[in-house]
Amino acid sequence: MNVAMKLMDDYPDIVKFWMGSKLLYVLKNPKYIEKVISHPKALDKDFFYEQLAQLSGDGLATLGGAKWRRHRKLINSSFGQKALHSFLPIMAVRSGDLVKDLQNTVGDKIAPLYHIISRYTVELTFQTAFGVNMNLNSIEGKLDEVIDKMIELLTERILKIWNHLDIIWYLSGKQKEFQYYQNRLREVVNEVVKRKMEGERSKDSETEIEVANDHENLPRSAAFLDSLMANTDLDESEIKDEVNTFIIAATDTTAKALTSLFAIFGIYPDIQEKVYREVIEKVGLVGDPTPEDLSQLEYTERVIKEVLRLFPPGFMISRYASGDIDIGDNITVPEGASIAIPILQIHRSGEYWEDPLKFDPDRFLPDAAKRHPLSYLGFSHGPRNCIGMRYAMLNMKLAIAMALRRLRFFSEYKSVEEIEISLTLFLKMRDGPKVWIKNR
Ligand code: HEM
């Protein structure tokens, strides 16, 4: 494991330190996190998110105060059950394509799993959340690479303290490089919003983005972008920032989670077989899974949760205290301080999880040993939890069901302990998932 993580493992429940002029509290104990996570004075994001906004735009994930509340209320309705189920036919077609792409790599060699999956999540997000198609051979089709590069550069800026000085960052040429990728991402965002505003097909367009659903014989889905645009409260730049935010929040997180899932299947063939058997029993060998089928995949859901416990893509979150916050035990986090919640540390802590590195999906059985509800934060918790949680779960269950019906996954890793992780903006496996694939 990464050295910084090892050090943090030995941290007590609360660590308080100054980072330059900023006071930071790191809270590890769920009883303190419970006091903070839904507190009205801890709903704003702190200075780390100012950096993140360079990547994601000023959207839901980085906004604070009244603006965040307004956007969250508006967007919430687009992620209700009805809207999600309307995405399912598109998800089924695209996950079928994902399986074909995976089948093309079948053999004894390590498959480029993350690359294939991240293209899938980018394409799916465009089709479902935005209601537009994108051509995977166009520049925009390489969006996964653009995002990857931006995350890498941003992590370098945040984690290496000397890069906080603008002069060093600019002189190193990294800002220029970051701006190049930022412009490419903005071009895509602008084009998506333009096409939606025109509401027309654009088969000949240079950027090869077209309004979806006209193009394919799929039922109309309630794209979240449609509801944003129907709302006259939001101006064009706010809409663009939300599109940018959803590209970042929806694609790489899910791609990293699915990649970890398939690696875990490779390590634990018995768990893979148990999921396969559940899929065959509840979904069947052919045909598109229905929402009801997917809701019956209970063991699969526990496996996903256990993967997100050990490999949470969002491994750390933080908040800004906009007033004094009493967290119990006579401790007050003062106004102006930042509060960091090290999700990975909590998920892998022996204080809150028995035998924490053991992969055991049954920890999530309803009658499993009692644990603090905030010892699991895969999608965070409270009013600022992940708005895409149900979308992500639906998508992951579907992708797993479609893939396991045809394929078997194998991994060079033998245990969770063996997997080195790397903490950029999102958690990933340092040397890749080391997975190869065979037909069933
Ligand atoms: C496995 C996949 C995913 C994981 C593990 C994940 C995890 C998280 C976590 C931990 C947060 C809290 C971040 C923070 O407080 O800083 C979050 C927030 C968020 N997520 Fe996700 N996410 C996933 C997929 C998605 C998807 C598919 C979408 C959109 C369709 C999405 C949209 C968002 C947004 C917009 C926020 C900010 C919410 C707010 O601050 O009000 N996420 N996610």
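Figure 1. An oxygen atom of the ligand is found 3.0 Å from an N or O atom belonging to the side chain of R384. The structure shown in this and the following views is a predicted model. W68 also faces the ligand, with a polar side-chain atom 2.8 Å from a ligand oxygen atom.

**Figure 2. The shell of residues around the ligand.** The ligand is surrounded by 26 residues. Y49, W68, R72, R384 and C386 are the closest of these. Sorted by class, the shell contains 17 nonpolar residues, together with six polar and three charged ones. Which helices each supply at least two residues of this shell? They are α4, which covers residues 65–76, α11, which covers 236–267, and α16, which covers 389–406. The largest contribution comes from α11, which provides six residues.

**Figure 3. An open sheet of four strands.** The strands of this sheet follow the order β1-β2-β8-β5, and their pairing is mixed. At the edges stand β1, residues 14–19, and β5, residues 317–320, each of which pairs on one side only. On average, neighbouring strands of the sheet are turned by 25 degrees against each other, with direction ignored.

Figure 4. Two residues lie between the strands of the hairpin. In this hairpin, G20 adopts a positive phi near 60 degrees.

**Figure 5. The crossing of helices α3 and α7.** Two packed helices are described by the angle between their axes and by the distance between those axes. Here the pair consists of α3, residues 48–56, and α7, residues 143–159. Their axes come within 10 Å and cross at roughly 155 degrees. Because angles over 145 degrees count as roughly antiparallel, α3 is roughly antiparallel to α7. Is the crossing left-handed or right-handed? The passage of α3 across α7 is right-handed.

Notes: Residues are numbered from 1 along each chain as its sequence is written. This is a predicted model: local features need pLDDT of at least 70, side-chain atom pairs count only at pLDDT 80 or more; totals for chains, interfaces and linings use all residues. Side-chain values use heavy atoms; hydrogens and water are left out. A residue is near a molecule or strand if one of its heavy atoms lies within 4 Å of it. A polar contact is a pair of N or O atoms within 3.5 Å; within protein, one must be able to donate a hydrogen and the other to accept it, and residues adjacent in sequence count only if both atoms are side-chain atoms. Ala, Val, Leu, Ile, Met, Phe, Trp, Tyr, Cys and Pro count as nonpolar, Asp, Glu, Lys and Arg as charged, and the others, Gly among them, as polar. Two strands pair if DSSP finds at least two bridges between them. Axes are lines fitted to C-alpha atoms, for helices over the stretch in contact, and angles run from 0 to 180 degrees between N-to-C directions. Angles under 35 degrees count as roughly parallel, over 145 as roughly antiparallel, 65 to 115 as roughly perpendicular and the rest as oblique. A crossing is left-handed if the near helix is turned anticlockwise from the far one by less than a right angle, and right-handed if clockwise.
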